[in-house]
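My entries follow in the order in which I checked things.

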Amino acid sequence: MTETAEPVLTGVRNFRDVGGLPAGDGLRVRPGTLFRSGHLAHATEEDVAFLSGLGLHTVFDFRNSADQALEGPDAALPGVRNVNIPLTDPAEGADFWRMVRDGNLAQLRRALSDGQAAHRMAASYRAMIRGRTQEHSRVLHALAEDSVPALLHCAAGKDRAGLTVAVVLLALGVPRDAIEADYLESNSPHRRYKVHRSKGAEGGLSPEVMELLAPLFDARPAYLEAAFTAIEETWGGPETYLREGLRLSEATRDRLRQRMLDT
């Protein structure tokens, strides 16, 4: 997806430059302007040195306070602005995610089997599209004004960051197949979020447990499709979603394109 060699970061998962994706009229997303990753809480000194060399203006952190308490704050990048825009409520699903970490096999089977886990994930994507228009609008307006180069991340860099990157790419005119291809890169073995279970939790990380948990930690086309379907059902299509849902004027979209696209 990128035009430069991809770095190997030790403490940051799922990092990549979104540059190079096609955006119509012979234009592409400019390399070095939009990056995505998992959280930076465990970034090593070498990771920090690399990230600090990207010329970042802003790091957007989409984690909520519960995520930050669990994982820790992002490592500081000198001279880079950090903006926290939670895309999920800290109380939302707290019991569910506690069960994912600590639950026994019977609890996991009851909550996750027979398509329940995948259904939950698709529902969360629809909810973010319909319920987080103000937050997504804020990100787009910031990128159009002064916030690039930018790094967008959540915990795993897959769902909240993945969906927000998809919205940004939609605004830039990137076709859906290219948006999906970038989204699915989060499934690459070296990018995937490392599943954690509490020490002593029944079943640990056994094959059955991992199969039950897989829908929660996969990037699946059906999840992104649920988001696009929510756009169609709620606003009638992407253009109305961007214009009315996200309050993105044509002038702002032009500034966004000028900042983030080139030939």
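Entry one, on Val 167. Leaving aside its neighbours within four places in sequence, I find Val 167 in contact with Ile 129, His 136, Leu 140, Tyr 241 and Leu 246, where contact means heavy atoms within 4.5 Å. Val 167 sits in helix α7, and I note that helices (H or I, at least four residues) and strands (E, at least two) are DSSP runs, numbered from the N terminus. Val 167 is buried, with a relative accessible area of 4%; buried means under 20% relative accessible area, exposed over 50%, and partly exposed in between, with a 1.4 Å probe and protein chains only. I also looked up its separation from Pro 238, which is 71 residues away along the chain, and the two C-alpha atoms are 9.4 Å apart.

Before going on, I note that this is a predicted model, in which local features need pLDDT of at least 70 and side-chain atom pairs count only at pLDDT 80 or more, while totals for chains, interfaces and linings use all residues. Residues are numbered from 1 along each chain as its sequence is written, and side-chain values use heavy atoms, with hydrogens and water left out.

Entry two, on helix pairs. Two packed helices are described by the angle between their axes and the distance between the axes. The axes are lines fitted to C-alpha atoms, for helices over the stretch in contact, and the angles run from 0 to 180 degrees between N-to-C directions.

I began with α7 and helix α11 (residues 238-245), whose axes come within 10 Å and cross at roughly 105°. The two helices are therefore roughly perpendicular to each other; angles of 65 to 115 degrees count as such, those under 35 as roughly parallel, those over 145 as roughly antiparallel, and the rest as oblique. Val 167, Leu 170 and Ala 171 of α7 make this contact with Pro 238, Tyr 241 and Leu 242 of α11. By class, the contact has 6 nonpolar, no polar and no charged residues, where Ala, Val, Leu, Ile, Met, Phe, Trp, Tyr, Cys and Pro count as nonpolar, Asp, Glu, Lys and Arg as charged, and the others, Gly among them, as polar.

Next I took α6 and helix α12 (residues 250-260), whose axes come within 8 Å and cross at roughly 60°. That makes α6 oblique to α12. Their crossing is left-handed, a term used if the near helix is turned anticlockwise from the far one by less than a right angle, and right-handed if clockwise. Leu 140, His 141, Leu 143, Ala 144 and Glu 145 in α6 meet Thr 252, Arg 255, Leu 256, Arg 259 and Met 260 in α12. I sorted the residues of this contact into 5 nonpolar, 2 polar and 3 charged.

Phe 96, Met 99 and Val 100 of α3 make the contact with Gln 107, Leu 108, Ala 111 and Leu 112 of α4. By class, I have 6 nonpolar, 1 polar and no charged residues for α3 with α4.

Which residues have the most contacts inside the largest nonpolar core? They are Phe 60 and Leu 169, in a core of 67 residues; such a core is a set of buried Ala, Val, Leu, Ile, Met, Phe, Trp, Tyr and Cys residues joined through side-chain atoms within 4.5 Å. Helix α7 (residues 160-172) gives the most to this core, with 10 residues. Apart from this core lies another, of 15 residues, among them Phe 15, Phe 35, Leu 51 and Leu 77.

Entry four, on the backbone. Most residues other than glycine have a negative phi, and most peptide bonds are trans. I find a cis peptide bond joining Val 148 and Pro 149, with omega about 0°, and Pro 149 is in the loop between α6 (133-145) and β6 (150-153). Asn 14, in the segment before β1 (16-17), has a positive phi near 65° and counts as buried at 3% relative accessibility. Asp 114, in the loop between α4 and α5 (116-131), has a positive phi near 55°, and at 79% relative accessibility I list Asp 114 as exposed.
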